[in-house]
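Subject: Structure for you, with notes on helix packing and aromatic rings

Hi,

Here is the structure I promised to pass on. Please have a look, and then read on for my notes.

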Amino acid sequence: MPYFKDEEEVYAYIGKLFQDLAKDDELWPRFRRADTIVQYQYRNPESQITVKMKENQDPQVDLGPTELEPEVVMTMEADTAHKFWLGKVNVTVALARGQMKAKGPVAKILKLVPLTKPIFPRYRAMLEQAGRKDLLEAA
């Protein structure tokens with residue numbers, strides 16, 4: 001059974017994580033250097049998060065349908081994304097095993113991966129604050 005019961009839960013946790021990151025004056029400039037638009041397409045439940053990380057442009061995080069044209073598309077189970085933000089998924093291994101699929105310049109994604117480590121504790125704290133011990137323990 002998937003960790004998230006519906007797309008709204010995906011957006012409430014993973015989506016909010018991206019929205020909070022886009023407002024972070026310390027971390028966001030590092031992500032913006034990727035100069036790309038990434039779309040995360042999740043299964044179980046079906047959901048989609050599109051993030052504009054462009055140099056000299058305001059950030060944009062769209063939950064669900066979007067007008068943005070992604071350069072990079074990452075597809076995976078929502079459970080895999082959840083485990084990633086808990087620090088339990090190695091992107092290179094997940095790509096090699098087919099647990100994650102990437103279309104577009106994968107080098108841009110791999111450049112972002114080291115920047116995500118400081119976000120892991122935030123995701124964990126957000127779940128704790130929301131009283132979602134079930135999500136912390138499930139993974």
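First, some ground rules. This is a predicted model, in which local features need pLDDT of at least 70 and side-chain atom pairs count only at pLDDT 80 or more, while totals for chains, interfaces and linings use all residues. Residues are numbered from 1 along each chain as its sequence is written, and side-chain values use heavy atoms, with hydrogens and water left out.

Helix H1 and helix H6

Helix H1 covers residues 7–22 and helix H6 residues 120–129; their axes come within 11 Å and cross at roughly 140°. (Helices are DSSP runs of H or I with at least four residues, numbered from the N terminus; axes are lines fitted to C-alpha atoms over the stretch in contact, with angles from 0 to 180 degrees between N-to-C directions.) H1 is therefore oblique to H6, the class left over once angles under 35 degrees (roughly parallel), over 145 (roughly antiparallel) and 65 to 115 (roughly perpendicular) are taken out. The crossing of H1 with H6 is right-handed, meaning that the near helix is turned clockwise from the far one by less than a right angle, with anticlockwise being left-handed.

On the H1 side, Ala12, Tyr13, Ile14, Lys16 and Leu17 touch Arg122, Tyr123, Met126 and Leu127 of H6, where contact means heavy atoms within 4.5 Å. By class, this contact of H1 with H6 has 7 nonpolar, no polar and 2 charged residues.

Helix H1 and helix H3

H1 also packs against H3, at an angle of about 45° and with the axes 11 Å apart. This pair is oblique too, but the crossing of H1 and H3 is left-handed. Val10, Ile14, Leu17 and Phe18 of H1 meet Ala78, Ala81, His82 and Trp85 of H3.

Aromatic rings

How many aromatic pairs does a search of the whole structure find? There are 8, a pair being rings of Phe, Tyr or Trp (its six-membered ring) with centres within 6.5 Å. In one of them, Phe84 and Phe120 have ring centres 5.5 Å apart and planes at 90°, so the pair is edge-to-face (over 60 degrees; under 30 is stacked and the rest tilted). Because Phe84 lies in H3 and Phe120 in H6, the pair ties together parts 36 residues apart in sequence.

Phe84 is buried at 9% relative accessible area, and Phe120 is buried at 16% (buried means under 20%, exposed over 50% and partly exposed in between, with a 1.4 Å probe and protein chains only). Phe84 and Phe120 also belong to one aromatic cluster with Phe18, Tyr40, Tyr42 and Trp85.

Best wishes

How values were computed:
Helix = DSSP H or I, 4+ residues; strand = E, 2+ residues; numbered from the N terminus. Nonpolar A, V, L, I, M, F, W, Y, C, P; charged D, E, K, R; others polar.
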